[in-house]
Amino acid sequence: MADGETRWSGMDTRSWARLVSLVAPGMAPLPPRHHARDGSLPGGLLLVAHDGTRVLRALHTLRGVVATEGPWAGRETLAALAAQCDTRFAVALRRDAAERFMERVGGRCTTADDAVDTTLLALGVLRELIDDGALDVLPSPLRSVPLPPVEVVRATWDRVLPDGHSAVIALFEGPALVTGLALRRRGGVIDQVHGVESLRAWSGPLGGDFRRDHRVIRAAVERALGPVAVGLFAPEATVLDLLRAEAPGGWARAVAVRDVMVEPMPPWAAMATGVSALRAAADESRRWAFSADGWLAKTTRKVIDLASTVDLQAVLGFDPLAVLGVVLRESRTRPTQPDDPA
Amino acid sequence: MDAPIRAASLRFTRVDPSRWPKVVRTLVALGFNAVDLPLVWREYAADDGSPDAARLAHDLAALLRIVADAGARAVLRLGPWPVADVAGLGLPDAVLLDPAVRSHTRRRNPRWVSDHLRVVPLPSLRSATYNTAARAWITAAVEAAVAGAPAHGVIARVLVGHGAPALLRDAPDDLDAAGLDPADVDATAAEADAAMGFLRGLAAAARAAGAPAGSLRLCIQGDPLASVAAAQLAADEGLAWSALPARAGVRAIWRDARLATTLAHGHHVDLRAGHAPLEAPSRATDALDVARVALGAGARDVTVLHGCAGADWVGAILDEQGEPRLAAARWQSLLAWAGALPEGVERSRRIGRDPAAIARARSATVFGALPLAWLARWGFSLDEVSAEPVGADALEQAAVAGGEPWAPAFTMDDKTQPAPGVSLDPPGAAMVRAVDTAGGRAWVLANVGAAAVAATVGGAAHALDPGAVLVVQTEEQTGG
């Protein structure tokens, strides 16, 4: 994981905002005038303070104060207030929740904790607060997603990005490389993270076809950072659609027909993209997928061949792409990114 | 009246020293008249945490010479936690990890704050060890700067205090030491006492070390309008704080920046170009919008973080080689626009609050005492998160009771009374500021809604697009 010594380099605001809002559309930046607190915008985050029996205040990040009183009946009240505000994301805090969080984190953290320790500890405390009724969150991924032990996360991390290796994402809009990321793991931590400015500088002029340009970019990253363990090269719009797609098998199909280039494709990535293919195979389309079209059969067989490698779903207890898809489908559509000189 | 400070910061330790002159010249060419130099204690510390005076003197002398040669002035940002994008809060490990320095919760647990993806213990403003060490750092830094300044007046500002916007608290402190409930009014007062003691101690150290008269600004974390310490310190010190982010909205950004026009001892407002890598993304367009609103509201002395950041920052005005990014030209245009903003006697309702009322309101925050500053970063005011809103401005009441000749009736700060000579359609859809200049009265209007506003100023009609800031000069001085 990244830490205080990680070097972040070559990032402009436009490409970075595009990359972040791809997986977190709610974080897509908006100009100040869009936060007019006039109640016209859907989305946003609702914060509700309560004392266990009464709503003390409900604040909406786009609409301001939306309630100052009312009965508190738990999750139903939170859901109702969220519906009134036309948002799916809401947090309810009992009045003592923040103090409890600080007490529990304060009692368990140490100065030796790294990012993995700290993240899992904070998530664990948040889950405790949810169980205590001091915190409620809509939607509630913390309830449905198990928290893996620290050792498992570390072991998985070692397999996903071995020490001394790098990873790269390069996303295109037409012929242009519009956003991307390259990172390297060294000494157990992510020591360098580079944005699209670095990718452009290392690669030089590109041809404009990501199916060919990926070789140039990969070679450039290997020269700059070291061997690439995994690379994703695709049109930005394709990735956006795949992340939101509900039907299983989308990633496997896209990889098979080269709508998305995963190069190199380590076993775990084949497994991760194949997971959705396997789900599709279990669906009614199984016969069609394996015989009529052929692409799914090919991909699935490849996945099965690699079954001895790390399986993110087995390790994490959930399919990360599927969970991300659920969250993204519940999120607002990513705002159109206007032409914004970075 | 001094020229306004329009500074861009240079995180010089992340930039190759051979590029310093070019970076400074480029920033000046873009229209900045000052360069903000954050000095990070951690980067100038010996093993025992004491300041490395020789390196400080060497780097500061070189930088101040470059700044002076470019015809600019310097803003020294000394911390000890100067900006958000520093590892370990900018403190040497010998200080950061000293148990005698730590802030605690009521149950004597260390209070932690995020440091990129890790957490580190938060220093207590009440800690004598921390205060002593921090004053030694300020003394060393100011002495090195004064000794290295090539000419009088090169050092325009000296900013002391924690400059990073607080994530969880306004004035982090060790409440347990006083045995107080954080929701207690006395706790807010105790917290303010600690913050004021810390900041005044740093200011005294800076003055004793030779900081130029009138240059000091004390950094307030969180929302200065919700800070008891800010309300009390403003009586005899200048303040510095960070403008709200774009997600706070035009109204909150304007309101926050309006404070600048009312501080008798000066102000300094931090704007942003870009953001730290792990913060919510922000585009150049949005950063420029925030800056336009803040400048329109009356902020004169500003720093844009960061003009050139080297690495570890997304979207500085200059890239890591010191070359202007595409947005640089837009900052240049904005500075030219800001140069034409009216200057004179502010005619509007004064911003300021009774410290006791702030303390009561803070103690009655319905989300608990901790997350107030975090909520302020979203643009929520103290009034919105408190069960006991501060209500009518105490200073305004005092001004009216004292027979002050100017009776403000502007559409400001959520007040909906129309200003004389100004009408808005729809009413209350814009913030209005008036300035009496040598050439007459000037009006600055900012649309705070999502729809266009029709404004009539002195009989002339104007259309105000959403988010737009409009400056109108009327011919005759009409009051004051």
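The backbone nitrogen of R126(B) lies 3.0 Å from a polar atom of the S124(B) side chain. This is a predicted model. S124(B) sits in the loop between β5 and α4 of chain B. At 1% relative accessibility, S124(B) counts as buried, because buried means under 20%. The points below turn to the interface, the aromatic pairs and some backbone features.

**Where chain B meets chain A**

- The contact draws 70 residues from chain B and 55 residues from chain A.
- In chain B, P281(B), R283(B) and F367(B) lose the most area to chain A. Together these three make up 14% of what that side buries.
- The size of an interface is often given as the accessible area lost when the parts come together.
- Between chain B and chain A, the buried area is about 5,300 Å². Carbon and sulfur atoms give 62% of that area.

**Links across the interface**

- The rule finds three salt bridges across the interface of chain B and chain A.
- E197(A) and R325(B) meet through their side chains in a salt bridge, at 2.6 Å from N to O.
- Between chain B and chain A, 14 residue pairs are in polar contact, counting pairs with both residues at pLDDT 80 or more.

**What the chain B side is built from**

- Several elements of chain B each supply at least two residues of the side that touches chain A. Among them are the strand β5 (118–121) and the helices α7 (249–258) and α8 (284–297). The helices α11 (372–376) and α12 (382–385) are also on that list.
- The largest share of this side comes from α8(B), with five residues.
- By class, the side of chain B that touches chain A has 38 nonpolar, 16 polar and 16 charged residues.

**Aromatic pairs**

- Over all chains, the structure holds five aromatic pairs.
- A pair of aromatic rings is described by the distance of the centres and the angle of the planes.
- F12(B) and W20(B) have ring centres 5.7 Å apart and planes at 90 degrees, so the pair is edge-to-face. An angle over 60 degrees counts as edge-to-face.
- Both F12(B) and W20(B) are buried.
- Y130(B) and F198(B) have ring centres 5.5 Å apart and planes at 10 degrees, so this pair is stacked. Planes under 30 degrees apart count as stacked.
- Y130(B) lies in helix α4 (residues 128–148) of chain B, and F198(B) lies in helix α5 (residues 185–208) of chain B, so the pair ties together parts that are 68 residues apart in sequence.
- Both Y130(B) and F198(B) are buried.

**Cis peptide bonds in chain A**

- L138(A) and P139(A) are joined by a cis peptide bond, with omega about -15 degrees. P139(A) lies in the loop between β6 (135–138) and α5 (141–144) of chain A.
- The peptide bond from E263(A) to P264(A) is cis, and its omega is near -5 degrees. P264(A) is in the loop between β11 (261–262) and α11 (267–282) of chain A.

- R258(A) is not a glycine, but its phi is positive, near 65 degrees. R258(A) is placed in the loop between α10 (250–256) and β11 of chain A. At 37% relative accessibility, R258(A) counts as partly exposed.
- R108(B) has a positive phi of about 65 degrees, although it is not a glycine. R108(B) is in the loop between α3 (93–96) and β4 (112–115) of chain B. At 46% relative accessibility, R108(B) counts as partly exposed.

Methods
Residues are numbered from 1 along each chain as its sequence is written. Chains are lettered from A and ligands numbered from 1 in the order in which they are written. Side-chain values use heavy atoms; hydrogens and water are left out. Contact means heavy atoms within 4.5 Å. Buried area is the accessible area (1.4 Å probe) that two parts lose on being put together, summed over both. A salt bridge is a side-chain nitrogen of Lys or Arg within 4 Å of a carboxyl oxygen of Asp or Glu. A polar contact is a pair of N or O atoms within 3.5 Å; within protein, one must be able to donate a hydrogen and the other to accept it, and residues adjacent in sequence count only if both atoms are side-chain atoms. Helices (H or I, at least four residues) and strands (E, at least two) are DSSP runs, numbered from the N terminus. Ala, Val, Leu, Ile, Met, Phe, Trp, Tyr, Cys and Pro count as nonpolar, Asp, Glu, Lys and Arg as charged, and the others, Gly among them, as polar. Rings of Phe, Tyr and Trp (its six-membered ring) pair if their centres lie within 6.5 Å; planes under 30 degrees apart count as stacked, over 60 as edge-to-face and the rest as tilted. Buried means under 20% relative accessible area, exposed over 50%, partly exposed in between (1.4 Å probe, protein chains only).
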